[in-house]
Amino acid sequence: MKESKGTPKPQSNRRSFLKNGMLAAGVATVGGGLLTKASAFSRDQQEGSLTPGDAAILQLLLAAEIIETDLWQQYNELGGVAAPDSTYVAALKKLDGDMPQYISDNTDDEMSHVSFLTAYLLSKGHQPVNLDQFRTLHPSKAPGASQGGRLTNLMQLSVDTTWWTRYRSKENPDLGARFPQAVPSLAQGKFPAIPTSGADLGDPTTITDHIQAIANTAGFHFGFIEQAGTSLYATLSQRVSSPEVLRITIGIGGSEIMHFQVWHDKAGNAVPLTDGALTFVDLTQNQPESLQANLIMPEPCDFIKGLPECAIIRPTGAGQLDAVGAINGFFEDGLFAGQQDPRFKELLFRLANAADQAQREL
């Protein structure tokens, strides 16, 4: 949990192949009439067509990965290994000295998920999802931020921090349990997780409470996003019919778990402070078990009635963080604040409902 003291990692180019426009290649618009022809793939590649349910699950997961990629790219531009030196980067390093590397690696992973799911759906003759027409949100004006339209808004977030207390509890949301917020004020207002402009960065020699609060918010938001992906893949995997599609969902889902474990660790290092309406307490000292920062592995909890407690990913049951639940969580988080096109919400919930209605065909 302590800040890394070792030599900073050099920027790696092992993932650079993902940064050359692969996201835009060969994607199609669901409901928009712009369809990429699946005939670009050979007949052999299309053998073993997907069930409608498996296709719906993969299309929803692709939409979620596109959304995650958009937000991670913003974090990467301002806080990753190639980001300009700034008080935001310095504040992120208060959570862990390797934060820029972790942010860049998480971004590359999400981009790879988008590229793979797009290509896989096309190889099976199914339409991928393209959300480019909804990239209309204003970007940050801070130095280093790309000035193109965004799909997500990281400057007006209401971050649900119940995931923190949930994973320290012996209760299970799938069995009706509810959990308190770890950072109550963060869930009650609308706060930035990236600097909105150069003014937020302030004096380059001083980490103010304001820029540290922004970095603290990002730290908890990282965990919120990745715990949602962790549960979403686990939930939808239970509905998959094809062994190959199951291999995909548990493979990518495992990557999401690894992301969550990292961010779960780093969020606990949030610097205690008060910045206006936002307050972070010291989670490393004198906290009850429900808040203790170094309890980053899932506590055993109720799982199947009548059987012993078990350490598990949770929730994984219907009606929790399934497809509709995950999309609802994105909206409640404030990720799409400012999106005016009603077709965006309609599309996401159409995809989510189709995924949740999928049934395993044996």
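H2 and H8 are roughly antiparallel to each other, because an angle over 145 degrees counts as roughly antiparallel, under 35 as roughly parallel, 65 to 115 as roughly perpendicular and the rest as oblique. Their packing angle is about 165°, and the axes lie 12 Å apart. Here axes are lines fitted to C-alpha atoms, for helices over the stretch in contact, and angles run from 0 to 180 degrees between N-to-C directions. H2 passes H8 in a left-handed crossing; a crossing is left-handed if the near helix is turned anticlockwise from the far one by less than a right angle, and right-handed if clockwise. On the H2 side, the residues making the contact (heavy atoms within 4.5 Å) include Ile-57, Leu-61, Ala-64, Glu-68 and Trp-72, and on the H8 side they include Ala-218, Phe-222, Ile-225, Gly-229 and Tyr-233.

The model is a predicted one, in which local features need pLDDT of at least 70, side-chain atom pairs count only at pLDDT 80 or more, and totals for chains, interfaces and linings use all residues. Residues are numbered from 1 along each chain as its sequence is written, and side-chain values use heavy atoms, with hydrogens and water left out.

H2 also packs against H9 (residues 243-267), with axes that come within 12 Å and cross at roughly 30°. These two helices are therefore roughly parallel to each other, and their crossing is left-handed. H2 contributes Asp-54, Leu-58, Leu-61, Glu-65, Glu-68 and Trp-72 to this contact, while H9 contributes Val-245, Ile-248, Thr-249, Ile-252, Glu-256 and Trp-263. An α-helix has 3.6 residues a turn, so residues three or four places apart point the same way.

H2 itself has 28 residues and spans 40 Å from its first C-alpha to its last, close to the 40 Å expected at 1.5 Å a residue; the expected span is 1.5 Å times one less than the number of residues. Of those 28 residues, 25 are buried, where buried means under 20% relative accessible area, exposed over 50% and partly exposed in between, with a 1.4 Å probe and protein chains only.

H11 (residues 342-356) has 15 residues and reaches 21 Å, close to the 21 Å expected. Among its buried residues are Phe-344, Leu-347, Leu-348, Leu-351 and Ala-355. The buried residues of H11 pack against H2 (52-79), H8 (209-237) and H10 (323-333).

Thr-161 sits between H4 (99-123) and H5 (162-166), and is buried with a relative accessible area of 0%. Leaving aside residues up to four places away in sequence, Thr-161 touches Pro-180, Gln-181, Ala-182, Val-183, Leu-186 and Phe-220. Val-281 lies in the loop between strand E2 (278-280) and H10, and counts as partly exposed at 41% relative accessibility. With the sequence neighbours up to four places away again left out, Val-281 touches Ala-270, Pro-272 and Gln-287. Val-281 and Ala-270 are 11 residues apart in sequence and 8.1 Å apart in space, C-alpha to C-alpha.

As for the whole protein, it has 11 helices and 2 strands, taken as DSSP runs numbered from the N terminus (helices are H or I, at least four residues; strands are E, at least two). From the N terminus on, the elements run α-α-α-α-α-α-α-α-α-β-β-α-α. Buried residues make up 53% of the 362 residues. Of the contacts with a separation of 6 or more, 78% are between residues 24 or more positions apart.
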